[in-house]
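Biologist: Can you put the model up? I have a few questions about it.

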Amino acid sequence: MAQVDVAEVESAQDANSLECLYFYLTAAEDQSAAPDKQADEGYALPMHAVREIIRVPELNAVPLAGAHVMGVTNLRGSVLPVVSLRELVGLEHGQLTKHSRIVVLRGRNPLGLWVDWVEKVAWVPEARLDTSELVRHKAQHRLLAGFVRPDPEAEAGETRLRRLLNAPAIEAASLSPGIDAGESISRGHGQASTEEQIKAEQQYTCFELGSQLYALAISQIKEVVRVPAQLEPVSGMPAHVMGVLALRDLMIPLVHLTRLYGLPHSDLSSEARVVVVPVGARDGQLFVGLVVDRIRHVVNRSEDQVQPVPETLGSLPGFQDMHGMLRYDDNVDSLAALIDTRRLLKQSAFQDALAAVEDNEVTANAADDHRDERQIVVFRLGDEEYGVAIEATKEILRVPDTLTRVPQAAHFIEGVINLRGMVLPIIDLRKRFDMTPSERHHQQRIVVLNLQGQRTGFIVDAVREVASVPLDSVEAAPPLSPQQSSLITEMVNLAASDRLILLLDTGRLVSEQEARKLAQVSAERSQSESTDD
């Protein structure tokens, strides 16, 4: 991978100047044409925000990641997401040319910015920088920090105003779920910067325990899953420890919060859920499942909408582990108790549950010699490789010549097949990911997965292998969009072989509504076949 080291660029430093990288977005319809400083749109980035500049490498596409995401690549052992500046500022999609470059930004998360051509590094005197609040407000775009005024002594072609980009805002717009990256510079609304909005607001999941409403910050949650029909029992535990949930390669003790807090409760309904939270670091390997009666909704709330817990409530059952009251409904005077998982997990109930898992050796890898590895089924969609946990994979089938169509089904449901007397819904994974459909061919396979008790088949382009990958090669996937970050939570980064495998969260391949529809389809077809017999 060819690259340019910005440290090798010669420049003369000035204490009253800002070192900037100058680059352009092509204005010509034929973007392979020679760069034109008079016509092309000029941009600048402070050099302290730039790590390096590289040529455009081979990119792995990421489904459902948004139009601004060009893909991900392996940059010296690290996953690098690459986004298009053209898409971020509302211009038409760009083309790869010999002038195209990736500007790798420094920041909390690695990020590559695709630009059409790079000109130079220059020191800009303070007098030519306009970053005032008024100018930024008039610019009406959150990605801009201001403007670089033209140099009156510049050569011909350097007389246009240049846009000065805000690197943290670019990172926030590119990597934060729920941020609309495509707001055009010409149609902004004078809003506060994206970075300020992210600092000001947090997402919370609200749920019910008995008749009470509680909330958890999404940053404290690994995932939310259904309560399984069968749980691994743990002997000698109190009633609020329900058992152990097998979730992929993890064994997670489940604690019934309603019972723990001594709140009135009845048998769990189909709406009950397990909120999986980490013990310690969010990316660690120890987790506890909090069983709640029902998930209400997810809300965005600012800090000033979180109030302290009233003293009169602090000692009541269910309020000992709270650190605030969240106003969850803008129209109704309603409050949810905000749980602090750090306080909650210090309780002996959770420590005992974790210890019981270890003492009883209830672990997915107890009889496995591959404790430092994860086994996955690797398959292909187009040119990209995907993986699912082998525990969730039941079997792999050839695609039959005909599928029984289902009237009024979602566009990605191809139909159903009869598998040894069981009706199996079939989903085209290309259509599920909004990819271009493919004609049937001999390499295609159906990967049968268990989606919380409902077996479902997914058509893929080819199954490549069952692979054992080192745990240290599995890393968190960059959050590029709400849909992508829900389905693709991790990536396997095999730097030595230059492979990136996108890991799918099988529990989120279909929504709750879609899961109910699949179950209904299976039941109706089973009933129809029984009647025919």
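Biologist: In which sense do strand 15 and strand 18 pair, and over how many bridges?

Modeller: Strand 15 and strand 18 (residues 273-278) run antiparallel, with four bridges between them. Two strands count as paired if DSSP finds at least two bridges; helices (H or I, at least four residues) and strands (E, at least two) are DSSP runs numbered from the N terminus. This is a predicted model, where local features need pLDDT of at least 70 and side-chain atom pairs count only at pLDDT 80 or more, while totals for chains, interfaces and linings use all residues. Residues are numbered from 1 along each chain as its sequence is written, and side-chain values use heavy atoms, leaving out hydrogens and water.

Biologist: Which residue in strand 18 is the bridge partner of valine 224?

Modeller: Valine 275.

Biologist: What is the strand order in that sheet?

Modeller: The sheet is open, has five strands in the order 15-18-19-17-16, and its pairing is mixed. Strand 15 (223-226) and strand 16 (241-247) are the edges; each has a single partner strand, so one side of each lacks a neighbour in the sheet.

Biologist: Changing topic: where is confidence lowest, and where highest?

Modeller: Helix 4 (residues 194-200) is lowest at a mean of 42, and strand 7 (residues 101-105) is highest at 95. That is pLDDT, the predictor's confidence in each residue, from 0 to 100. The chain averages 76, and 74% of the residues score at least 70. Residues 361-370 stay under 50, with 12 contacts (heavy atoms within 4.5 Å) beyond four places in sequence. Where pLDDT is low, the predicted coordinates should not be read in detail.

Biologist: How many salt bridges does the structure hold?

Modeller: There are 19, a salt bridge being a side-chain nitrogen of Lys or Arg within 4 Å of a carboxyl oxygen of Asp or Glu. One of them joins lysine 37 to glutamate 119, with the closest N and O atoms 3.2 Å apart. Lysine 37 is in the loop between strand 2 (17-25) and strand 3 (41-46) and glutamate 119 is in strand 9 (residues 117-125), so the pair ties together parts 82 residues apart in sequence.

Biologist: And arginine 86 with aspartate 116, buried or exposed?

Modeller: Both are buried, meaning under 20% relative accessible area, with exposed over 50% and partly exposed in between (1.4 Å probe, protein chains only). Their closest N and O atoms are 2.6 Å apart. By contrast, lysine 37 is partly exposed at 21%, and glutamate 119 is partly exposed at 23%.
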